[in-house]
Amino acid sequence: MKAQKVLVTTALGVGLGTLLLPTAALADTTVSPASTPVGGTVVLTATTCNPKSGDVLFHVTGPDRDQNVRSTTAAAGGGLSAELFTAGFTLGTYTVAATCGDGSAAGSATFAVTPIGGAPAGGGGSTGNTGLLAAGGALAGAAALGTTVLLRRRRRAAATVG
């Protein structure tokens, strides 16, 4: 009976964590580097898109852009990627939103176009849903802590009775 309550408590915690951690939170689009000079190249990657489901559509918006970049190129780390040349881009921040071939959203990311000789290129930009991931992790941790406390109380109660 005791083990059954622990399993129910753990299952409830995992279930609630699953509700707080939807598939959209796991969507991942990256742009590398996070900044590039005018005329540079950035690599757009949608890691959650399955190449077998068709091409990915990257929608680029910013100070002087509202364009789509379509790609069927498999990325080295998984997913699909495309190269974007920034020749003719205005200085500023651009947002890239990706949609997989099956119609699912693959998240978004930003990158900056800087003057030639401007800021050094960064490691890559990504706008993950870290708030949802943190909430799901906190809930899973609370479920584990609750299970540990429950087990300790049961052991103490059993030791006192016996």
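Ring pairs join Phe89, Tyr94 and Phe111 into a cluster, as seen in a model that is predicted.

**Geometry of the ring pairs**
- A pair of aromatic rings is described by how far apart the centres lie and by the angle between the planes.
- For Phe89 and Tyr94, the ring centres are 5.0 Å apart and the planes stand at 55°, so this pair is tilted.
- For Tyr94 and Phe111, the ring centres are 5.5 Å apart and the planes stand at 20°, so this pair is stacked.

**Place in the chain**
- The pair of Tyr94 and Phe111 links distant parts of the chain, since Tyr94 belongs to strand E8 (residues 92–99) and Phe111 to strand E9 (residues 105–114), with the two residues 17 residues apart.

**Burial of the cluster residues**
- Phe89 has a relative accessibility of 6% and therefore counts as buried, the cut-off for this class being under 20%.
- Tyr94, which takes part in the tilted pair with Phe89 and in the stacked pair with Phe111, is buried because its relative accessibility is 0%.
- Phe111 is likewise buried, with a relative accessible area of 1%.

**Charge over a ring**
- Arg65 lies over the face of Phe89, at 4.1 Å from the ring centre.

Technical notes
Residues numbered from 1 in each chain as written. Predicted model: local features only at pLDDT ≥ 70, side-chain atom pairs only at ≥ 80, totals over all residues. Heavy atoms only, no water. Phe/Tyr/Trp six-rings, centres within 6.5 Å; stacked < 30°, edge-to-face > 60°. Buried < 20%, exposed > 50% of the residue type's maximum accessible area, 1.4 Å probe, protein only. Helix = DSSP H or I, 4+ residues; strand = E, 2+ residues; numbered from the N terminus. Lys NZ or Arg CZ within 6 Å of the ring centre and 35° of its normal.
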